[in-house]
Amino acid sequence: MAVAYHSTRSFDHTVSAKQAILQGIAPDSGLYIQDSIGEKPLDLVKVCSQDFKSTAYDVLSTLLDDYLPEELNRCIEGAYGTQWDTKTITPVSAIGDDWLLELFHGPTSAFKDVALQMLPRLMSVAREDTNAASTSGQNIMIVTATSGDTGKAALEGFKDVPGMGITVFYPEGKVSDIQRLQMVTQKGSNIAVCAVNGNFDDAQNAAKAIFANKKLAQELAGKNTVLSSANSINIGRLAPQVTYYFDAYAQLVAKGTITLGQKITFCVPTGNFGDVLAGYFAKEMGLPVDRLIVASNSNKVLTDFLTTGTYDRRRAFEKTISPSMDILVSSNLERLLYLASGKDTELVSYLMNQLVTKGIYTVPAQVMDTIRETFDAGFATDDQTRETIRSTWENCRMLIDPHTAVAKHVLDRVSRQTNDVRICLSTASPYKFSSDVLAALGHSTADLNDFACMHTLAEITGTNPPIQLSSLNDNVIIHTDVREKEELASYVFEACERIFAC
């Protein structure tokens with residue numbers, strides 16, 4: 001019997017994994033979760049004897065168990081093929097006394113590719129299943145807010161997928177030039193890209209409101225169209241990310257760095273909490289995890305929460321050189337609160353209502369004690385991030401992006417215990433942030449655009465930018481829309497009419 005998913009805020013409505021992936025978010029605005037994550041642990045011996053694709057199958061067949069074996073294998077082969085520049089998919093490399101998990105070898109040079117090459121395929125399979133899709137042949141419009149990397153990865157994954165469209169919102173002036181160009185030059189017949197006047201939280205809150213907009217849902221239903229999400233609130237985004245935690249462990253066993261069963265620590269640059277939550281899922285599924293360290297930039301709402309037990313988004317929003325982490329509302333934390341509270345939907349619903357109405361909530365002490373058994377936290381300022389980029393290049397001859405540098409700074413300041421094995425997650429190519437990385441290395445970026453910085457960075461370090469980034473300057477800008485956050489619902493409706501010709 002397939003595992004049932006339900007909202008983090010109630011048990012009233014249950015769906016299959018395929019239905020949860022198609023819907024993206026629960027009707028009560030909660031996040032879909034299942035209660036048997038720890039009941040079927042993966043065979044660690046098996047994991048350590050196989051490749052990334054085989055582990056992906058084991059992870060996905062456990063979390064999304066209503067997918068047939070042939071369906072999952074088809075999705076995995078398509079998601080992790082020649083669009084990656086290494087067969088390892090997410091290789092682990094030494095960085096000083098620690099290890100770097102390189103998650104940027106996919107088509108958009110960011111860790112989001114691991115999930116967003118998979119999610120469109122999972123959705124397509126679910127859409128074809130009449131038991132999962134409420135209406136056969138229904139159009140699906142993906143609506144996604146991005147702080148930088150999700151947008152391009154989602155656009156690349158969903159472009160020209162039959163029966164599906166995608167609308168991406170990004171905060172105007174608050175993503176890097178490379179990230180913006182990746183989105184606004186994206187080709188595809190089923191694509192809408194729009195800048196939002198505001199920050200990422202404005203865009204994300206507006207996107208959430210779109211999903212809760214019953215009038216819009218009714219209007220779209222009359223046109224045989226439903227909405228879904230490609231953000232990490234979608235369980236189909238989160239599940240594939242669990243794979244690289246297990247695969248990284250297997251790589252270290254193969255290198256002789258650890259013995260089977262030895263615990264390791266992961267440090268994760270975190271904004272919306274999805275990436276590090278995947279690590280928690282991996283631990284629940286049997287991975288020997290010692291600590292998960294949450295690394296924040298100056299928008300350190302998560303660091304403060306894990307320190308004090310109070311989540312308070314009522315603070316100034318800071319624009320940093322690690323823009324994908326410039327977030328004050330970390331949506332996936334809701335899933336951790338559900339699991340750590342002993343699956344207390346009433347508490348989660350109360351806390352999320354407090355966040356919306358008051359901007360602050362405090363978690364009971366016993367729940368925080370459970371969370372702190374696994375999670376630590378720290379943060380880095382922009383100056384500390386720059387210094388880490390510089391010192392990592394000078395000492396290790398490794399070029400890292402600002403988000404990875406945030407995590408490395410935090411990890412470097414955690415007391416190392418004897419025989420500790422620690423992995424820092426590297427979430428993007430440094431060339432996505434060429435100007436900031438070049439400046440961190442002590443070179444002037446005055447009067448240089450991102451592409452001149454990219455060229456200079458390659459020249460002085462003897463490294464090569466990914467071709468998909470270096471060729472961006474030759475692409476034509478296609479998407480120029482800018483809207484206020486109050487206009488996004490009507491924008492989605494218009495996009496549906498255009499893309500689906502309805």
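A residue counts as buried here when its relative accessible area is under 20%. Keep that cut-off in mind for the first stop. The model on screen is predicted.

**Whole protein.** Select everything. Of the 502 residues in the protein, 61% are buried. Now show the surface. The accessible area is about 18,500 Å². Carbon and sulfur atoms hold 47% of that area.

Switch to the C-alpha trace. Along its principal axes the trace spans about 60 × 50 × 45 Å. The radius of gyration is 21 Å, which agrees with a compact globule, because a globule of 502 residues would have a value near 23 Å.

You will find 22 helices and 16 strands. Then look at contacts with a separation of 6 or more: 75% of them join residues 24 or more positions apart.

UniProt, in an unreviewed entry, labels residues 5-80 "domain: Threonine synthase N-terminal". The span is 45% helix and 9% strand.

Select residues 5-7, which form strand 1. Together they make an open sheet in the order 2-1-3, with antiparallel pairing.

**One pairing up close.** Stay with strands 1 and 2. They pair in the antiparallel sense over 2 bridges. Select His 6, then Thr 14: Thr 14, in strand 2, is the bridge partner of His 6.

Technical notes. Residues are numbered from 1 along each chain as its sequence is written. This is a predicted model: local features need pLDDT of at least 70, side-chain atom pairs count only at pLDDT 80 or more; totals for chains, interfaces and linings use all residues. Side-chain values use heavy atoms; hydrogens and water are left out. Two strands pair if DSSP finds at least two bridges between them. Helices (H or I, at least four residues) and strands (E, at least two) are DSSP runs, numbered from the N terminus. UniProt positions are given in the numbering used here, feature names are shortened, and annotations may be inferred rather than shown by experiment. The radius of gyration is taken over C-alpha atoms; the globule rule is 2.2 Å times the number of residues to the power 0.38. Buried means under 20% relative accessible area, exposed over 50%, partly exposed in between (1.4 Å probe, protein chains only). Contact means heavy atoms within 4.5 Å. Accessible areas come from the Shrake-Rupley method with a 1.4 Å probe; for residues, only the protein chains shown count as cover.
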